Amino acid sequence: METIVKKAACYCRVSHEEQKLHGLSIEAQKEDLKQYCKRNNYKIYKFYIDEGLTAKNTKRQGLQNLLSDLDKFDIVLFTKLDRLSRNIIDANLLDEKFKNNNVCMKAIFEDDIDTSTADGKFTFNLKLSLAERELDKTSERIKDIFRYKIERNEVISGSVPKGYKIVDKKLAIDENTAWVVKKSFDLVEELMSARAAFIQINTVYNQPTSLRSFSKLLKNVIYTGTYKSKNYYKENYCEPIISLEQFNNVQRILKNNKQYTSNNRKETYIFSGLLRCSHCGYKIVGHYSNRSGKNVIKTYRCNRYSIYKDCDQKKSINEKKLEKMLLSCIVEEYKNYLYSFDVSSKKTNSIDVSQNKSKIQKKIDKLRELYLNDLISLEDYKKDYAIFTQALKEIESKEVTKVAPKDADKVLSILDNIETIYYNLDATERKRFWSSFIDVITIDGNYNIDIKFL
Ligand SMILES: [Zn+2]
């Protein structure tokens with residue numbers, strides 16, 4: 001009887017410190033994995049190796065390579081969990097990525113890390129939820145300690161806001177720097193402009209600072225004596241440097257200084273240059289961006305509406321939403337497009353064809369609406385989308401067309417792996433990716449799109 005031989009990716013890792021301290025070696029891990037594969041009838045696809053990483057250099061190229069090869073093997077093998085990830089929660093994040101490609105993982109020396117069997121999956125999930133619960137408890141404990149300290153007006157981190165120093169675990173006014181804080185607020189009130197105040201602080205008062213930290217300082221409510229963070233709030237936490245009244249007044253001025261508060265860092269709009277308004281044909285351009293930490297919200301709007309206010313398409317388009325939608329349909333769309341070149345002979349009654357086409361197109365639009373309104377899941381959306389586009393494809397195959405693009409194969413091979421690759425790209429790379437094969441996307445405020453490929 002012939003059995004199907006499964007292909008395994010073998011992952012090995014050893015850090016610089018481990019090599020030095022314990023003599024752990026890649027060779028030993030490789031050997032163990034080789035033996036295991038031999039015993040269990042796995043064919044080794046490739047070894048992925050991260051060697052000699054230091055605490056500072058944690059970029060794991062081996063793992064990155066493994067993640068971009070996920071369609072090439074069936075299982076990821078490693079000796080122990082700590083080779084693959086720091087903890088079981090991180091392992092789960094990796095496992096999510098594996099699962100999307102029907103790849104499972106197994107630690108050959110730890111029975112409870114094995115997602116290749118139903119039993120193993122169950123144990124893994126159990127361990128995962130235990131670990132998550134433990135983590136919750138730990139962060140609760142930390143919160144309790146912080147709350148306790150704040151209640152007693154004690155500092156909880158070593159970072160001290162300008163104008164203060166730490167005395168007996170508490171914030172106390174530092175006369176050497178407090179005047180700069182006071183002066184900063186006074187200048188904003190006097191000049192009615194944060195930017196003008198910023199320039200004076202740097203030049204006239206010779207207190208070098210960046211616009212970013214200057215703006216942070218002006219927004220820090222600690223200077224009124226109040227501690228405020230996401231989780232805690234306490235008045236009379238420390239001695240105030242400015243009055244609440246002055247603080248509020250400065251906040252109002254900041255709000256009015258539009259060009260100052262608008263982000264001083266320029267965002268890359270991924271789809272700039274690619275979008276056209278389906279109502280008026282004008283370009284749809286980057287309209288608004290707001291960054292809070294790692295999250296950026298970026299939207300687009302019809303430029304004709306922005307400038308002349310005379311297009312009916314007033315709604316703005318959310319970049320994240322558009323990305324998600326395009327990713328879910330781009331492969332089908334592009335294949336459809338290519339397919340239309342393949343069959344150039346059978347021309348049927350073109351009226352029938354276009355009627356059927358628009359019927360199906362309407363169904364697709366309806367489906368998209370359901371998805372965007374959260375009435376169906378992404379999975380259902382993808383499934384039905386595939387069915388409809390298949391039908392469209394069949395109709396279109398009967399239509400006559402021109403010559404296929406030269407780079408189609410290259411684009412297709414990239415598209416086949418797109419979901420694993422795409423989210424590792426930064427904004428500039430994403431922009432380059434879309435514009436490498438798309439000419440124009442015509443779109444309306446309900447995300448109905450029509451893609452014209454290059
Ligand atoms: Zn328009």
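Predicted model: local features only at pLDDT ≥ 70, side-chain atom pairs only at ≥ 80, totals over all residues.
Which residues in helix 7 meet which residues in helix 10?

Residues are numbered from 1 along each chain as its sequence is written.

**View 1. The whole protein has 18 helices and 14 strands.** Helices (H or I, at least four residues) and strands (E, at least two) are DSSP runs, numbered from the N terminus. Of the 454 residues, 18% count as buried. Buried here means that 20 or more other C-beta atoms lie within 10 Å of a residue's own; with 12 or fewer it is exposed, in between it is partly exposed, and the C-beta atoms are placed from the backbone.

**View 2. Four strands line up as an open sheet in the order 2-1-3-4, with parallel pairing.** Two strands pair if DSSP finds at least two bridges between them. Strand 2 and strand 4 are the edge strands, each pairing on one side only. From one strand to the next, the twist averages 20°; angles like this run from 0 to 180 degrees between N-to-C directions, and axes are lines fitted to C-alpha atoms, for helices over the stretch in contact. Helix 3 (residues 61-68) packs on the sheet, touching strand 1, strand 2 and strand 3, and its direction makes about 150° with that of strand 2. Strand 1 and strand 3 pair over three bridges, and here cysteine 10 has leucine 77 in strand 3 as its partner. Strand 3 and strand 4 pair over four bridges, where valine 76 partners methionine 105 in strand 4.

**View 3. The largest nonpolar core has 26 residues.** A nonpolar core is a set of buried Ala, Val, Leu, Ile, Met, Phe, Trp, Tyr and Cys residues joined through C-beta atoms within 7 Å. Among the residues with the most contacts inside this core are Ala8, Tyr11 and Ile75. Strand 1 gives the most to this core, with five residues. Seven of the ten residues of strand 1 are buried, so this strand is largely enclosed by the rest of the structure. Look at isoleucine 75: leaving out residues up to four places away in sequence, it touches Lys6, Ala8, Tyr42, Val103, Cys104, Met105, Lys106 and Ser116. Touching, or being in contact, means that two C-beta atoms, placed from the backbone, lie within 7 Å.

**View 4. Helix 7 (residues 175-191) and helix 10 (residues 244-256) have axes that come within 10 Å and cross at roughly 50°.** That makes helix 7 oblique to helix 10, since angles under 35 degrees count as roughly parallel, over 145 as roughly antiparallel, 65 to 115 as roughly perpendicular and the rest as oblique. The crossing is left-handed: the near helix is turned anticlockwise from the far one by less than a right angle, while clockwise would be right-handed. And the opening question? Phe185, Val188 and Glu189 in helix 7 meet Gln246, Asn249, Val250 and Ile253 in helix 10.

**View 5. Isoleucine 145 lies in helix 6 (residues 118-151).** Isoleucine 145 is exposed because it has 11 other C-beta atoms within 10 Å.
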